[in-house]
Amino acid sequence: MKPNFSQIVFVCIVGCSSLAAAQETTTPVASSEKVKPANVVNERLLPAESAVHSTGQVMIKSKPVPYKVTAGTQPVWDKDGKVIASLFYTYYQRSDVSNRDKRPLVMSFNGGPGSASVWMHVAYTGPKMLNIDDEGYPVQPYGVRDNPHSILDVADIVYIDPVNTGFSRILDAKADRNLFFGVNADVTYLAEWLNTFVSRQGRWNSPKYLIGESYGTTRVSGLAKELQNNHWMYLNGVILVSPTDLGIKREGPVNAATSLPYYAATAWYHKALAADLQQRDLNALLPEVEAFTLDELIPALSRGGFIDAAKKQAIAEKVARYSGLSLKTVLQHNLQVPASYFWKDLLRDQGKTLGRLDSRYLGVDRSDAGASPDYNAELTSWLHSFTPAINSYLRDVLRYKTDLKYNMFGPVHPWDNTNNNTGENLRLAMAENPYLHVMVQSGFYDGATNYFDAKYTMWNLDPSGKLKERLEFKGYRSGHMMYLRAEDLASSNEHIREFIKKSTPAAGQPAKY
């Protein structure tokens, strides 16, 4: 049975010189009844300000957690105070908590750039999750169900869609696109938006956290310093889910070598390794491959074409053994097999290709020949389940009424990637703020932002080693969105709970070295 919803709708439309507000209040209605929002118009325009409120309850750890959810929009202003865009957000607050000062607030972003916040919203930390099987594959009917692993028991959560993603849009046709679409521009306007959101919601005293996935890790790493230095908003934690390089260079032999542990994990999953390796547990195998990568493969690749022939042969045999590829393939690629070739070649004899973001997923190509797959098998599978679920949930359950398309991926290119110093910005924010902790979460079968690259980034975030007690890594037996696998959904959310508890200091505990 669907829950009853009591709704208050606020719609603000941009006027010539001010925002005009309209309000409609309804009596409690069943979710199957029709509720008309205020000021319905036929134009496909996003209101600069709007809010639709509902209530719900979810069982988490066998205990009821009541909550209030707000789906709405909040403006983006230019330096002169003119509304130029509006961002859509979904905000969950546990409703049986009276003191928000002690209640953590988690601000959630996905990546792309150009991706909406849908992924972690309805599959990871929120009170609703996709109808999928235990390994993350789509099932019908599409839709959502309660998420018994949500972190809403310990923290309130807001999911934010950056400009041109989800329902978020540029409202001023003359607005400069450079204000939004670049590493540093993205961080600047989102920090301003978060400042306004926190102020409006009365959350300045709350412990605050950022969580980002994929490119969202670049975003939240930059936001940590931007919020701290230009908005004087200090965080307790940053969670990096399947992180990018954060501007920390991984070039030459290092970049060529660090995929090997991911290759080994994926080959192990598909039972493509030698019997003696295959019979070992993954957690026992990977440290051996990681040590070989650091201690033997990187030094060998550093010698380039001048490596001793016998040494090259020995290294190639080990790479082939750990990757599941043939010795001939490894030698033909001079010990550096590209990921795209690996996805095409590992199961070539079976007529299957591997997914990029999650290599558990399999695809079928027009031809078994070639150097890369025809398509991303995992992404097409995910869009099966996510797209109908988020549209149905926002429009029909939360009753946010709009004729706008929900952009799973929006038009944000060209994107300015210059001056990406987000990793260094995060390090500096940690150095300046002794309360700030960082947790990295990665799936072993993610071939786009592979787990060993994530470890490398974490190791090199702070070369001094003085911050390593506040940095931690968690790995999972799944891919880019580790939470799609039921077992990892439970463990990864539990890791967030533990992280929040550890990084929320006791009352009166000072922030000092």
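Biologist: What should I know about the numbering and about the predicted model?

Modeller: Residues are numbered from 1 along each chain as its sequence is written, and because the model is predicted, local features need pLDDT of at least 70 and side-chain atom pairs count only at pLDDT 80 or more, while totals for chains, interfaces and linings use all residues. Side-chain values use heavy atoms, with hydrogens and water left out.

Biologist: At what angle do helix α5 and helix α7 pack, and how far apart are their axes?

Modeller: Two packed helices are described by the angle between their axes and the distance between the axes. Helices are DSSP runs of H or I with at least four residues, strands are runs of E with at least two, and both are numbered from the N terminus. Axes are lines fitted to C-alpha atoms, for helices over the stretch in contact, with angles running from 0 to 180 degrees between N-to-C directions. Here α5 (residues 260-269) and α7 (residues 282-302) pack at about 150 degrees, with their axes 9 Å apart. That makes α5 roughly antiparallel to α7, given that angles under 35 degrees count as roughly parallel, over 145 as roughly antiparallel, 65 to 115 as roughly perpendicular and the rest as oblique. On the α5 side the contact (heavy atoms within 4.5 Å) is made by L260, P261, A264, A265 and W268, and on the α7 side the residues include L282, L285, F292 and L297. By class, this contact has eleven nonpolar, one polar and one charged residues, where Ala, Val, Leu, Ile, Met, Phe, Trp, Tyr, Cys and Pro count as nonpolar, Asp, Glu, Lys and Arg as charged, and the others, Gly among them, as polar.

Biologist: How do the axes of α5 and α8 cross?

Modeller: The axes of α5 and α8 come within 7 Å and cross at roughly 45 degrees, and the two helices are therefore oblique to each other. L260, Y263, A264 and A267 of α5 meet V319, Y322 and S323 of α8, a contact of six nonpolar, one polar and no charged residues.

Biologist: How many cavities does the structure hold, and what lines the largest cavity?

Modeller: Rolling a probe the size of a water molecule over the atoms shows where empty space is left. On a 1 Å grid over the protein atoms alone, a cavity is a set of points where a 1.4 Å probe fits but cannot get out, and lining residues have an atom within 4 Å of a point. Grid points are joined across faces, edges and corners, and a volume is the space filled by probe spheres set on the points. The structure holds five cavities of 30 Å³ or more, and the largest has about 90 Å³ of space. Its lining includes L260, Y263, L297, V319 and S323, and α4 (252-257), α5 and α8 (309-323) each supply at least two residues.

Notes: On a 1 Å grid over the protein atoms alone, a cavity is a set of points where a 1.4 Å probe fits but cannot get out, and a pocket is an open set with protein on both sides within 12 Å along at least five of seven lines; lining residues have an atom within 4 Å of a point.
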